[in-house]
Structures are given as C-alpha cells and as structure tokens.
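Please read this note with the model open beside you. It goes point by point, from the whole chain down to single residues.

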Amino acid sequence: MKSSTRTNMLDCTLRDGGYYNNWDFSSKLVNNYLKVMSNVGVKYIEIGFRSFTSSTFRGSNWYTTDDYLESLKIPSFLKIVVMVNASQILNKKNILKAVKLLFKPKSKSRVDMVRIACHFHEVHQSLKILKELKKLGYQVAINLMQISEQSDQKVLEISKKLSQTNLDILYFADSLGSMKFNEIDKIIKNIKTFWKGQIGVHMHNNLGQALLNNIYCMEQGIQWIDSTILGMGRGAGNAATEYFIIEYKKFY
C-alpha cells in the first residue's frame, strides 16, 4: 500500500555510527560520504552530535561545531542535522545560556535541523531547549528514546504536551530494537491521538527487522525515517541505507 505522504530519508551514519570509533571520522571520509549522499538523493544528513567539551577523547563528529562544518565540502543539496542529548543541556545551571553556548542563530550556521534526544522524564524540561532553538531559527525534532518501555498513558501524556508546542517533528526510537508491526501501530495511534504534526522513526536492528519496520512505516505515511550505511550504529545497529534506498525508490 502506497501512502500519499512522501517520506524523508535521514541518514545518521556519522552520528549513530560514531559509537564505534568515538566519532573520529577523517575529513576525507566525511567529504566522500557527503558527496555520495548527495549523488544518491538522500537530502537529510545527521552529521554528528553537538556537545560540550568532554574530558575523554571524542572526534570531530561528537562536537560538530560550526567551524568544523565550515571546513567540509557540503553539497548545496544537503540539509544538515545535528543531535543534542537533552541531558547535556539540562545538567547546566542555566538552560537558555547553555543552548546559546552550543548554537549560533541559524542564519550563521550550516545546521538546518536540531534533534533533541531525550528520555520521557526529560521532556518537560526539554521544552525550554525547544523554545530557545526555535527562537534561533532552527527546525527542531524531539527524539523520544526507549518508547517501547513506556505505557500507553505515558505516550498519550507526552503526545498531548508536545501538541501544545511549536515542535516540528516528533521522533520516537525503538532503542531496544524489539518492536514489531503491531507495537509500531499502537505507538503511532497513541501519538496521533493528540499530535497532528510530522512523525519520525529510528529503528534498531536487534531482531533483524529494522529494514522491514522502515518499509512498514513508509507504508503508514510516516514522514521521517532513519537509516545508516551498512546499518552502522549503537548496539545491533540500524536499517542499512543502501537497502532502504532500493525499497524507497521502488515505493516512490
């Protein structure tokens, strides 16, 4: 069944794949990757985390500073996404100041979208981050982690809360890679009870079902779907971009 809603593919290889190498990708590899993504038509690239200084070694794609982005050869076709862990900002005394330390106004940055990765108990406080990022001019998504472990009531509560904001995309992650079609259906139904905006999914591959789940979500009209080259990612990894592209092109 084909949906009338076109799905956006988002490749997050350099962000999720960075768990394998401490986000230490060479500039040559990153530039080659960006060129290939542009050539095959994957428009949205999550190029790394945006993070504060760490006491342990982390490569450039852990920080993904604006200076780093300026050093890359980013094709004009691509839209650049970074992820920020909500906890990094919420642990600071002044949340608004912390956001401004990490992010310039959109007009001065190559970043187009910011994804806020947060646990359910962090959502309320994360709305302050959302509000400030929207003021700075970014498209913003909230990425709800470990949604398979939450009750229906909790998902409904968060859906209602986020429906009262100017959030652009509500993402949910199958963090444990345990979801099947019926569970995906239930979560989407609960989210849509209040949330009327765009939805995104990030599927992990613990059951070897991430690609099938991506295809299923595409059929259901989900507007944003993640994948990574070779399925590279934390734990069991993700749906493989090279296979998802084949299915995506068949679908459309």
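1. Overall build. This is a predicted model. The protein has 11 helices and eight strands. Its radius of gyration is 17 Å, close to the 18 Å that the globule rule gives for 252 residues, so the protein is as compact as a globular protein of that length. Along the principal axes, the C-alpha atoms fill a box of roughly 45 × 40 × 30 Å.

2. Interior and surface. Of the 252 residues, 54% are buried. Take the contacts with a separation of 6 or more: 78% of them join residues 24 or more positions apart. The accessible surface comes to about 11500 Å². Carbon and sulfur atoms account for 50% of that surface.

3. Helix α8. This helix runs over residues 152-163, 12 residues in total. From first C-alpha to last it reaches 16 Å, close to the 16 Å expected at 1.5 Å a residue. Which residues of α8 are buried? They are Val-155, Ile-158, Ser-159 and Leu-162. These four lie on the same side of α8, because they cover an arc of only 105 degrees around the axis.

4. Cysteines. A disulfide is a covalent bond between the sulfur atoms of two cysteines. Cys-118 is buried, at 0% relative accessible area. Cys-217 is in no disulfide either; for this residue the nearest cysteine sulfur also belongs to Cys-12, at 14 Å. Cys-217 is likewise buried, with a relative accessible area of 0%.

5. Trp-23. Most residues other than glycine have a negative phi. Trp-23 has a positive one, near 60 degrees. Look for Trp-23 in the loop between α1 (13-16) and α2 (27-40). Is Trp-23 buried or exposed? With 4% relative accessibility, Trp-23 counts as buried, because the cut-off for buried is under 20%.

6. Gln-146. Here too phi is positive, at about 55 degrees, and Gln-146 is not a glycine. Where is Gln-146 found? It sits in the loop between β5 and α8. Gln-146 is partly exposed, with a relative accessible area of 33%.

Key. Residues are numbered from 1 along each chain as its sequence is written. This is a predicted model: local features need pLDDT of at least 70, side-chain atom pairs count only at pLDDT 80 or more; totals for chains, interfaces and linings use all residues. Side-chain values use heavy atoms; hydrogens and water are left out. Helices (H or I, at least four residues) and strands (E, at least two) are DSSP runs, numbered from the N terminus. The expected span of a helix is 1.5 Å times one less than its number of residues. Buried means under 20% relative accessible area, exposed over 50%, partly exposed in between (1.4 Å probe, protein chains only). The arc is that of the directions from the helix axis to the C-beta atoms. A disulfide is a pair of cysteine sulfur atoms within 2.5 Å. The radius of gyration is taken over C-alpha atoms; the globule rule is 2.2 Å times the number of residues to the power 0.38. Contact means heavy atoms within 4.5 Å. Accessible areas come from the Shrake-Rupley method with a 1.4 Å probe; for residues, only the protein chains shown count as cover.
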